[in-house]
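Please look over the sequence and the model below before reading on. The paragraphs that follow go from the overall make-up to single residues.

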Amino acid sequence: MTSTAGVPPVAPEPVVDGETSRRRGWGWLLLVPGMLWLAVFFLFPTVQLVFTSLYDPSGSYETGYAMTWHFGNYADAVRDNFTLFVRSFMYAGIATVICLSLGYPLAYAIAFKAGRWKNFMLVLVIAPFFTSFLLRTLSWRTILSDQGPVTSFLQTIAVLPDDGRLLATPVAVIAGLVYNFMPFMTLPLYASLDKVDYRLIEAAGDLYSSPLTGFRRVTFPLSLPGVVSGTLLTFIPACGDYINAELLGTPKQYMVGNRIQAAFLTEHNYPLAASLSIILMAVVVLMVVFYVRRAGTEELV
């Protein structure tokens, strides 16, 4: 006799009948509307943008542009606008760091300390969305104006000289970016922190861990998916923003989004505008892939 002791039983293969196969087939059809939407409003415009970036740069809006597969458009776009790219990534990076520094304590307070006020505080976080992006940015022109309350206060305490100003400076542009994109940072952080079992934090204290060590070893690692998604949701749109630089800055603070907007709508230089757009998207995608890999998580909240 052959002994079968210690051999795990083999699970029977699931039986898939015709009805189950048909249900699975119908399930795939649920993806069709979303895939069509992405194809029409994302894939096709992106492909068209790539073709536009390869048009003959010697054409014009009146005579039209010929497809000459002019890959030199990309080199020209980088050479002539390198400073704008650097400024865009710098402003977006600074704004993202500030949003994370301000949004994390706020999200932590809402998740663990707000109690019955949690929903009310969440409404306050998303309240700026009830007003248009343009009006919110215009309001900062009043707040940061030379006779505004912020500038006057800083001049009173000698932080700014008597002839100093905030409007039309990098500070104003970055402040506008921080204000407009703060909810994109706070909400993912809250969603991630709200999933953390508070008993784990209490256990760290029971094991004689200091509050700082408990945060570093328990809370922050568990909230890392929210940090990753929040920084991405803040950094990506901030890189391509042009409204804040347009309304709160001067041409000295313009970002690459301002150049794209001018090339498309004012100069009608479609090859240049498309080239700048493709380069910006490609660089952002590479930065996102590198960042997600370095962060060690792909679970985005």
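Helices (H or I, at least four residues) and strands (E, at least two) are taken as DSSP runs and numbered from the N terminus. Counted in this way, the protein has 13 helices and 0 strands. Its order of elements from the N terminus on is therefore α-α-α-α-α-α-α-α-α-α-α-α-α under that definition. The model is a predicted one, in which local features need pLDDT of at least 70 and side-chain atom pairs count only at pLDDT 80 or more, while totals for chains, interfaces and linings use all residues. Residues are numbered from 1 along each chain as its sequence is written, and side-chain values use heavy atoms, with hydrogens and water left out.

Two terms describe the protein as a whole. A residue is buried under 20% relative accessible area, exposed over 50%, and partly exposed in between (1.4 Å probe, protein chains only). Of the 301 residues in the protein, 36% are buried. Contact means heavy atoms within 4.5 Å. Among contacts with a separation of 6 or more, 68% join residues 24 or more positions apart.

Helix α3 (72-112) packs against helix α10 (residues 224-240) at an angle of about 145°, and their axes are 9 Å apart. Here the axes are lines fitted to C-alpha atoms, for helices over the stretch in contact, and angles run from 0 to 180 degrees between N-to-C directions. The crossing of α3 and α10 is right-handed. A crossing has this hand if the near helix is turned clockwise from the far one by less than a right angle, and is left-handed if anticlockwise.

Which residues in α3 and α10 meet? On the α3 side they are S88, F89, A92, G93, T96, C99, L100 and Y104, and on the α10 side V227, T231, T234, F235, A238 and C239. The residues of this contact comprise 9 nonpolar, 5 polar and no charged. For this count, Ala, Val, Leu, Ile, Met, Phe, Trp, Tyr, Cys and Pro are nonpolar, Asp, Glu, Lys and Arg are charged, and the others, Gly among them, are polar. Two cysteines take part in the contact of α3 with α10, C99 and C239. C99 is buried at 0% relative accessibility, and C239 is buried with a relative accessible area of 1%. A disulfide is a pair of cysteine sulfur atoms within 2.5 Å, and the count by this rule is 0.

Helix α3 also holds N73, a buried residue with a relative accessible area of 5%. The side chain of N73 reaches the backbone oxygen of S53 at 2.7 Å. This is a polar contact, that is, a pair of N or O atoms within 3.5 Å; within protein, one must be able to donate a hydrogen and the other to accept it, and residues adjacent in sequence count only if both atoms are side-chain atoms. Leaving out residues up to four places away in sequence, N73 touches S53, L54, Y55, P57, P271 and S275.

Another asparagine, N244, is in helix α11 (residues 243-248). N244 is buried, at 0% relative accessibility. Its side chain makes a polar contact of 2.8 Å with the side chain of D241. Beyond its neighbours within four places in sequence, N244 is in contact with residues including F133, V173 and L177.

Two loop residues remain. W69, in the loop between α2 (32-53) and α3, has a positive phi of about 55° although it is not a glycine. A158, in the loop between α6 (149-156) and α7 (170-194), is not a glycine either, and its phi is positive at about 70°. A158 is exposed, with a relative accessible area of 63%.
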